[in-house]
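Let's walk through this one together, starting with a helix pair and then moving on to the charged side chains.

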Amino acid sequence: MYKRQVEKESFFSLLKGVFKYGFGKLLNDIAVWLTVGIFLGALIDFIVPENFFTSLSMLENRILILIIGVPLYICASASTPSAVSLMLKGLSPGSALLFLLVGPATNISNIAVLQKYIGKKGVILNIISIVFVALIFSFIVDAMYANYFTLKLSEQLHNHEHGSSWWQGICAIILSLLLIKGIYIEEIKPRFSKI
């Protein structure tokens, strides 16, 4: 029987492939939504008052997040920077997790597509299931932070934010250039090629 020999790639060629994919194809695919998320995070940081969520109870926090998160069309890449900005305004880690789980899973465009396959009743059960599971995990995460972590996450983020350095500036410039490249390759270049 014929056996095909598989060439073994060296460690460095595998490592090169990982970086090529991570900083190439993968980043290009999420560039638009990650940029949207960064802008949303900056907007939240600018508009929402300091410690806005600390004035609300845990239940009020979660209800507000569900009202915002369920109908909002936001990709997972975009919701992550937005969740960090919300935590800087006093949102608990559990409520931030709720936003991260519910936002991308229950947006209106997904609901419209799902309705064709599973009907209205199926969509309602789907949304209720997602919200129920996300709420359970949000309470678990908050309980873990209350019992096992001494420093609040918002304090850690603020401390990290004030300790910015030249290294962070360089990383921000590199990320910005990679995002611009990704947007150009995925969005702008194809439109020009069609023209």
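Which residues in α2 meet which residues in α4? On the α2 side they are Asn-61, Arg-62, Ile-65, Leu-66, Ile-68 and Gly-69, and on the α4 side Gly-94, Ser-95, Leu-98, Phe-99, Val-102 and Gly-103; contact here means heavy atoms within 4.5 Å. Sort the residues of this contact and you get six nonpolar, five polar and one charged. For that sorting, Ala, Val, Leu, Ile, Met, Phe, Trp, Tyr, Cys and Pro are nonpolar, Asp, Glu, Lys and Arg are charged, and the others, Gly among them, are polar.

Before going further, keep in mind that this is a predicted model, where local features need pLDDT of at least 70, side-chain atom pairs count only at pLDDT 80 or more, and totals for chains, interfaces and linings use all residues. Residues are numbered from 1 along each chain as its sequence is written, and side-chain values use heavy atoms, with hydrogens and water left out.

Now for how the two helices sit. Helix α2 covers residues 58-69 and helix α4 residues 93-105, and they pack at an angle of about 20° with their axes 9 Å apart. The axes are lines fitted to C-alpha atoms, for helices over the stretch in contact, and angles run from 0 to 180 degrees between N-to-C directions. Helices themselves are DSSP runs (H or I, at least four residues), numbered from the N terminus. That angle makes α2 roughly parallel to α4, a label for angles under 35 degrees. The crossing of α2 past α4 is right-handed, meaning the near helix is turned clockwise from the far one by less than a right angle.

The structure holds three salt bridges. In another of them, Asp-29 meets Lys-25 at 3.0 Å, N to O. These two are four residues apart in helix α1 (residues 11-47), so about one helical turn separates them. Asp-29 is partly exposed at 39% relative accessibility, and Lys-25 is partly exposed at 45%.

Finally, Glu-187 and Arg-191 meet at 3.1 Å, N to O. Both lie in helix α7 (residues 166-194), four residues or about one turn apart. Glu-187 is partly exposed at 31%, while Arg-191 is exposed at 52%.

How values were computed: Angles under 35 degrees count as roughly parallel, over 145 as roughly antiparallel, 65 to 115 as roughly perpendicular and the rest as oblique. A salt bridge is a side-chain nitrogen of Lys or Arg within 4 Å of a carboxyl oxygen of Asp or Glu. Buried means under 20% relative accessible area, exposed over 50%, partly exposed in between (1.4 Å probe, protein chains only).
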